[in-house]
Amino acid sequence: LPQVLHGDGAPTSLDEPLIRLGRRHLQPTETVARTEATQQRDALLPFVVISSTYLLFTITDGALRMIVLLHAYRKSFTAMEVTLMFVLYEFAGVGTNLAAGIAGARWGIRATLVTGLLLQIVTFGLLFGWEDGWSKSRAILYVTGVQLFGGVAKDLTKLGGKTVTKLVTPEEKETQLFKLVSLLTGWKNS
């Protein structure tokens, strides 16, 4: 390594200041190991972000449905009227699941995930527009329409959460992954 002179004229290497700052020059084998560790971390980062986002979305989605349910109960809606409010939410899932795979392949997991999250925010915002003075039929129509956005948001976000999990799972662990996803989906739906 090149050397420089200290103020007292004593030679020193250029990496001495790095050593003094707690850094040191990495040996070639250390550089390779650090690069592999960085690559592994970088490979898992999208998994952690998307999985965390999906789990948090699942909580907010359940809370959103519960808020609608409790508000409808407070307004004396019947069970059938509340059920009607969620019809488009569930039907949106059918269409979205058919189209989401194409959208994910064309624009990527990030685009479908972000679109799903933005639609969830739109759903929350629109539900604030539900006015207490509305008739039951108007409220049902409004909430049903808003829930359409929530259903699309759910399935777009679910696509990202489940796809990234499959992408980072080794082939020999896919059966275990399928069982785990089935269990978690069952818990979420119940």
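Predicted model: local features only at pLDDT ≥ 70, side-chain atom pairs only at ≥ 80, totals over all residues.

Analyst: Residues are numbered from 1 along each chain as its sequence is written, and side-chain values use heavy atoms, with hydrogens and water left out.

User: Why is the contact between Arg65 and Asp61 called a salt bridge?

Analyst: A salt bridge requires a side-chain nitrogen of Lys or Arg within 4 Å of a carboxyl oxygen of Asp or Glu. The N to O distance between Arg65 and Asp61 is 3.2 Å, so the pair qualifies. By this rule the count comes to five salt bridges.

User: What separates Arg65 and Asp61 along helix H2?

Analyst: They are four residues apart in helix H2, which means a separation of about one helical turn. Helices here are DSSP runs of H or I with at least four residues, numbered from the N terminus.

User: What makes Lys154, Asp155 and Lys158 one network?

Analyst: Asp155 meets Lys158 in a salt bridge at 2.9 Å, N to O. Salt bridges that share partners join Lys154, Asp155 and Lys158. Asp155 and Lys158 are three residues apart in helix H6 (residues 136-167), about one helical turn. Lys154 counts as buried at 12% relative accessibility, and Asp155 at 1%; Lys158 is buried as well.

User: How do you know that the rings of Phe77 and Trp130 form an edge-to-face pair?

Analyst: The structure holds three aromatic pairs. The ring centres of Phe77 and Trp130 are 6.1 Å apart and the planes stand at 80 degrees, so the pair is edge-to-face. The criterion, for rings of Phe, Tyr and Trp (its six-membered ring), is centres within 6.5 Å, with planes under 30 degrees apart counted as stacked, over 60 as edge-to-face and the rest as tilted. Phe77 lies in the loop between H2 and helix H3 (79-85) and Trp130 in the loop between H5 and H6, so the pair ties together parts that are 53 residues apart in sequence. Phe77 and Trp130 are both buried.

User: Why is the charge of Lys136 said to sit over the ring of Phe77?

Analyst: The rule asks for NZ of Lys or CZ of Arg within 6 Å of the ring centre and within 35 degrees of the ring normal. The charged end of Lys136 sits over the ring of Phe77, 5.5 Å from its centre. Likewise, the charged end of Arg106 sits over the ring of Trp107, 5.7 Å from its centre.

User: What residue classes make up the lining of the second largest pocket?

Analyst: The lining has seven nonpolar, one polar and no charged residues. Ala, Val, Leu, Ile, Met, Phe, Trp, Tyr, Cys and Pro count as nonpolar, Asp, Glu, Lys and Arg as charged, and the others, Gly among them, as polar. The lining residues are Leu64, Ile67, Val68, His71, Phe124, Leu127, Phe128 and Trp130, so His71 falls in the polar class. A pocket is an open set of points on a 1 Å grid over the protein atoms alone, where a 1.4 Å probe fits, with protein on both sides within 12 Å along at least five of seven lines; lining residues have an atom within 4 Å of a point. The largest share of the lining, four residues, comes from H2.

Note on methods
Helix = DSSP H or I, 4+ residues; strand = E, 2+ residues; numbered from the N terminus. Buried < 20%, exposed > 50% of the residue type's maximum accessible area, 1.4 Å probe, protein only.
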